[in-house]
Amino acid sequence: MQDEDVELRAVAVKLAPKYFQNNPVMIEHLKGAGYLGSHDWYVRRNSAAALVGMGLEKEALLKELATDDKYAREALIYAMFDAGIMTYDEYVKLGGEENA
């Protein structure tokens, strides 16, 4: 998962919830600059979805939104909404779809 090839990382993070469920080391990796904070949209999106799929509580995921990285926030907000963890109203309030 630490490969320089962004396509490999984008695919590898999709498998994280299956093999590393609730693994604190993997969760911290996914929160990092090379994953949720990646410059690559696919890596960032898949990392956000993997974090949601890792079994973190909603409150723990919401804490991750306290970042200055607009793109990481956006990816995580969408992943939470897509997984049904938040309502559409919460999604819009937090900035989903630029406050639809």
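This is a predicted model: local features need pLDDT of at least 70, side-chain atom pairs count only at pLDDT 80 or more; totals for chains, interfaces and linings use all residues.
Residues are numbered from 1 along each chain as its sequence is written, and side-chain values use heavy atoms, with hydrogens and water left out.

**Helix 2 against helix 3**

I looked up helix 2 (residues 24–31) and helix 3, which pack at an angle of about 150° with their axes 9 Å apart; axes are lines fitted to C-alpha atoms, for helices over the stretch in contact, and angles run from 0 to 180 degrees between N-to-C directions. Helix 2 and helix 3 are therefore roughly antiparallel to each other. In this pairing Ile27, Leu30 and Lys31 of helix 2 meet Ser47, Ala50 and Leu51 of helix 3, contact meaning heavy atoms within 4.5 Å.

**Helix 3 against helix 5**

I then turned to helix 3 (residues 41–53) and helix 5 (residues 70–82), whose axes come within 8 Å and cross at roughly 50°, so that the two helices are oblique to each other. The contact involves Arg44, Arg45, Ala48, Ala49 and Val52 from helix 3, with Tyr71, Ala72, Ala75, Leu76, Ala79 and Met80 from helix 5. Helices here are DSSP runs (H or I, at least four residues), numbered from the N terminus.

**Asn46**

I found Asn46 in helix 3, where Asn46 is buried with a relative accessible area of 8%; buried means under 20%, exposed over 50% and partly exposed in between, with a 1.4 Å probe and protein chains only. Leaving aside neighbours within four places in sequence, Asn46 is in contact with Ala10, Val13 and Lys14.

**Aromatic rings**

I searched the whole structure and noted four aromatic pairs, where rings of Phe, Tyr and Trp (its six-membered ring) pair if their centres lie within 6.5 Å, planes under 30 degrees apart being stacked, over 60 edge-to-face and the rest tilted. The Tyr88 and Tyr91 rings have centres 6.0 Å apart and planes at 45°, so I recorded this pair as tilted. Tyr88 is partly exposed at a relative accessible area of 41%, whereas Tyr91 is buried at 4%. Ring pairs also link Phe81, Tyr88 and Tyr91 into a cluster.

How values were computed: Angles under 35 degrees count as roughly parallel, over 145 as roughly antiparallel, 65 to 115 as roughly perpendicular and the rest as oblique.
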